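Student: I have a model open and want to learn how to read it. Where do we begin?

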Amino acid sequence: MISEKMHSTSRRSLIKWGIYGVGGIAIGAMPQAIYAQSNSRGKMLAFNANDIGILNFALLLEELESAFYAAVVSSGKITNSRELEYMKYLGAQETAHVKFLRSVLANQVLFTTEDLSFNSSSLNDILANRDRILNAAVTLEDLGVHAYNGAGTSLTSPIFLLAAGSIVSVEARHAAGVRALLNRPTTEPDRDRLISDANLNSTLNPFKGKAYDELYTPKQIVAIVNSLNILNNPIGGTLVS
Ligand SMILES: [Fe+2]
Ligand SMILES: [Fe+2]
């Protein structure tokens with residue numbers, strides 16, 4: 001389902017979001033945590049439209065990135081040593097982001113890493129070869145940039161806003177780095193965007209087309225996450241409804 005042209009495939013997949021089934025059995029060398037959870041749909045992740053919900057939703061994206069790069073490194077499909085080092089480097093930073101957000105949220109964390117259930121079948125599709133892996137990485141990293149930018153206007157806690165702002169710039173660097181490996185433009189061109197101009201939220205995007213990296217709503221982020229079909233947990237709550 002996920003091809004080398006991840007960006008265009010994802011756009012097509014968006015049309016189908018909401019109709020994906022639960023994934024199959026692990027068929028490759030997956031990290032134990034992912035393999036062990038591959039058969040369960042996982043608990044509902046509910047994010048409400050408040051600071052706690054927003055930062056927990058950001059935490060989910062960091063968890064996805066962290067699990068993704070761990071799986072990439074374990075897959076053995078990145079054979080170029082420089083690229084493999086970069087995947088490890090990004091994975092370490094995503095894991096640091098997970099720890100960072102969990103520490104900022106403290107007792108307001110809504111789910112544990114162990115609560116997450118990954119669709120190992122879809123993940124293995126992505127892990128089939130280097131180009132699929134790197135294009136999926138671009139999708140995840142660009143998604144993070146759109147998500148954090150989109151969340152910024154809704155956060156009221158200065159500390160949470162500071163935390164989100166200190167991460168979004170790193171995600172943009174990640175996106176640029178992986179894009180460079182693929183000889184894709186380092187800044188996401190409008191034509192690569194998974195949310196078209198017509199579907200951009202006008203309140204969030206008064207400067208549409210002027211500075212790139214348009215802002216996505218949490219609901220749009222969930223649609224794209226669902227299109228990747230790598231997370232089994234249902235996502236709900238007023239933030240994404
Ligand atoms: Fe991150
Ligand atoms: Fe990242």
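Tutor: Start with burial. A residue is buried if 20 or more other C-beta atoms lie within 10 Å of its own, exposed if 12 or fewer, and partly exposed in between, with C-beta atoms placed from the backbone. This is a predicted model: local features need pLDDT of at least 70, and side-chain atom pairs count only at pLDDT 80 or more, while totals for chains, interfaces and linings use all residues. Residues are numbered from 1 along each chain as its sequence is written, and chains are lettered from A and ligands numbered from 1 in the order in which they are written.

Student: How does V168 count, then?

Tutor: V168 has 19 C-beta neighbours inside 10 Å, so it counts as partly exposed. V168 sits in helix α7. For the whole protein chain of 241 residues, 44% count as buried.

Student: How many helices and strands does the protein chain have?

Tutor: Helices (H or I, at least four residues) and strands (E, at least two) are DSSP runs, numbered from the N terminus. The protein chain has 8 helices and 2 strands. Their order from the N terminus is α-α-β-α-α-α-α-α-α-β.

Student: What is V168 in contact with, beyond its neighbours within four places in sequence?

Tutor: Two residues are in contact if their C-beta atoms, placed from the backbone, lie within 7 Å. Apart from those sequence neighbours, V168 contacts V145, Y148 and N149. V168 and V145 are 23 residues apart along the chain, yet their C-alpha atoms are separated by 5.5 Å.

Student: How do I describe two packed helices?

Tutor: Use the angle between their axes and the distance between the axes. Axes are lines fitted to C-alpha atoms, for helices over the stretch in contact, and angles run from 0 to 180 degrees between N-to-C directions. Take α6 (residues 130-152) and α7 (residues 158-181): their axes come within 8 Å and cross at roughly 155 degrees. Angles under 35 degrees count as roughly parallel, over 145 as roughly antiparallel, 65 to 115 as roughly perpendicular and the rest as oblique. α6 and α7 are therefore roughly antiparallel to each other. Residues making the contact include L134, A137 and V145 of α6 and L161, A164 and V168 of α7.

Student: Where do nonpolar side chains tend to go in soluble globular proteins?

Tutor: They tend to be buried together. A nonpolar core is a set of buried Ala, Val, Leu, Ile, Met, Phe, Trp, Tyr and Cys residues joined through C-beta atoms within 7 Å. Here the largest such core has 61 residues, and A58, V72, I133, A147 and A164 have the most contacts inside it. Its largest share, 14 residues, comes from α3. Beyond residues up to four places away in sequence, A147 touches A58, L61, Y216 and I221.

Student: Why is α8 largely enclosed by the rest of the structure?

Tutor: Of its 11 residues, 8 are buried, so α8 is largely enclosed. Among them are P218, I221 and L228.
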